Amino acid sequence: MLQALLDRVSPPIDSIPTPPRWPVFGHLPMLTRHGLLPLVEEARKKHGDFFRLVVGKHSLFVALHPDAVEQILLTDKDSYGKRDTYDSIRMLVGDGILTSEGERWRRERRIAQPSFNKGSVAALAGKMTRLTERTLEEWSRRYRVGDEFDVYSELLALAMEIIGETLFSLDLRARVGESAAAFTVALEQVSGRGNQMLQLPLHWPTPGNLRLRKALKTLDEVTFDIIARRRAAGALGDDLLAAYLNARDENGAPLDPRLVRDEIATFFLAGHETTAIALAWTFYLLGTHPAVWDKLIEEVDQLAGRVPTAEDVQSTLVYTRAVLQESLRLYPPTWSGGRDIVAETELAGHRVYPGDRVLYLPYLMHRDARFWDDPERFEPARFMPGQQQGRHKLAYIPFSAGPRMCIGNHFTLLEGTLVLAMIAQRFRLTLSARARIAQEFQITMRPRHGVLVRVEAKR
Ligand code: HEM
């Protein structure tokens, strides 16, 4: 009786539009063959903002309107969890703050939050600019006008060094190469597993599994080494790693070493890869939009050659910051998001049930003509002060929204703006004629072949 009433208010699952699919495997063969985005874009033409894909015995509800995403991330957040959807990321970083839930997550977030408040982050600007200077001095020695290089791999190394100094008070330069290579392999393999028809257990010695296991071993070693070096240094200081090492539970016991490892691996990964990707796409966009470069340089020139500060990011460098925000609109590194449904609820006018999953795509919402004028155009002015009024608050979510929103958003905007400004003070980079630009839609949206840039004369 109650069910019949509910069904009348919000139609049952079977009434949710579902593109044609295979028996047993559902949409998995199409996903494996074409990838998620083409499948979703095709289905959207016919079914609009909300439809169902079937993966094995699960339904995956695709929500493309910010109203529905608001239900998932904010208004009805307790009906959604991260248990199964985050399994692949859990292989990489264990059960740290990104993947955990409930009381455990709340405790982890409470420990980390003070390091990420605006004031604490602003205090890290000096470390960020010092490391950026070191990198740019190397660039000045290595590159001349007319030279070409992959700016993405350079930015990955810089972002990793910045995370090491700011969150762990360690110089990670010696381990950047092997860590970056291991992360790339691990992310590739782990992302690939999600789309495979048949997921072979990790202990099976397939070539992919062997590569993954080797990469995970390297990352484990690097992470334990970070913790051991800090413990050996004695006084713990007041950075994020110290916060986790000093934390005590209600019985006065320190956190389990495995948990500290998971937190450090999480921040190591989440804290560098996305920022480097965001900056790499920014250089792709700048390299193809000379007028935006000109404007950016005009703003940066107001610093008269001095090293920018956190204060400058709020006052002088507003256009530089807007360039980064607009780049995060067109190329959001975290291009997709998902959750498990953990309690029966209503979504986009339909009833949905535990055991199924939801998917939302910032990449498509950020390019939706209902919320953005001329959405494909790179136009940083959209993010200048006062320009964001009237926009749907969920139409732009590069850092997600709600309680599980990215803890590092202020950190990234500060770091990215400082790095961008400092590069623009010394170099003008255009896209090389030989650059092969392609998006790799894995857990993050990376430039598949990097971003090959050419050094131009500054004026
Ligand atoms: C351009 C840069 C970045 C982007 C696009 C980004 C994006 C995101 C997104 C979308 C989420 C939410 C994931 C979800 O729904 O579960 C997230 C969570 C998170 N991010 Fe970032 N992030 C960036 C930089 C950073 C940095 C610099 C740090 C740390 C220094 C960081 C640490 C985290 C952590 C720890 C979480 C989990 C938060 C929680 O669940 O409580 N991120 N990030």
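Tutor: Start with one term. A salt bridge is a side-chain nitrogen of Lys or Arg within 4 Å of a carboxyl oxygen of Asp or Glu. Two notes on the source come next. This is a predicted model, in which local features need pLDDT of at least 70, side-chain atom pairs count only at pLDDT 80 or more, and totals for chains, interfaces and linings use all residues. Residues are numbered from 1 along each chain as its sequence is written, and side-chain values use heavy atoms, with hydrogens and water left out.

Now find Asp49. Its salt bridge partner is Arg370, and the closest N and O atoms are 2.8 Å apart. This pair joins distant parts of the chain, 321 residues apart. Asp49 sits in the loop between helix H3 (36-47) and strand S1 (50-55). Arg370 sits in the loop between helix H17 (362-365) and helix H18 (409-426). Helices (H or I, at least four residues) and strands (E, at least two) are DSSP runs, numbered from the N terminus.

How open are these two residues? Asp49 is partly exposed, at 22%. Arg370 is partly exposed too, with 48%.

Next, turn to Arg104 and Glu108. Their side chains form a salt bridge of 3.2 Å, N to O. Both belong to helix H6 (residues 102-112); because they are four residues apart there, about one helical turn separates them. Arg104 is partly exposed at 35%, whereas Glu108 is buried at 1%.

A further salt bridge joins Asp312 to Arg306, at 2.8 Å from N to O. Asp312 is buried, with 4% relative accessible area. Arg306 is partly exposed, with 39%.

Salt bridges can also link up. Glu138, Arg142, Glu154 and Arg173 form such a network.

On to the rings. A pair of aromatic rings is described by the distance of the centres and the angle of the planes. Rings of Phe, Tyr and Trp (its six-membered ring) pair if their centres lie within 6.5 Å; planes under 30 degrees apart count as stacked, over 60 as edge-to-face, and the rest as tilted. The count here is 18 aromatic pairs. In one of them, Tyr143 and Phe149 are stacked, with 4.0 Å from centre to centre and 5° between the planes. Tyr143 and Phe149 are both buried.

Compare the pair of Tyr363 and Phe441. Their ring centres are 5.4 Å apart and their planes stand at 75°, so this pair is edge-to-face. Tyr363 lies in H17 and Phe441 in strand S10 (residues 439-441), so the pair ties together parts 78 residues apart in sequence. Tyr363 is buried at 8%, but Phe441 is partly exposed at 30%.

Phe116, Tyr244, Phe267 and Phe411 are linked by ring pairs into a cluster. Look at Phe268 too, in helix H13 (residues 257-287). Phe268 is buried, at 2%. Phe268 and Tyr244 are 24 residues apart in sequence, and their C-alpha atoms are 14 Å apart in space.

A ring can also meet a charge. A charge sits over a ring if NZ of Lys or CZ of Arg is within 6 Å of the ring centre and within 35 degrees of the ring normal. Arg329 places its charged end over the ring of Trp372, 5.0 Å from the centre. Likewise, Arg391 lies over the face of Phe383, 5.1 Å from the ring centre.

Finish with Gln113, in the loop between H6 and helix H7 (118-122). Gln113 is partly exposed, with 26% relative accessibility. From Gln113 to Ala424 there are 311 residues in sequence and 32 Å in space, C-alpha to C-alpha.

Definitions and conventions. Buried < 20%, exposed > 50% of the residue type's maximum accessible area, 1.4 Å probe, protein only.
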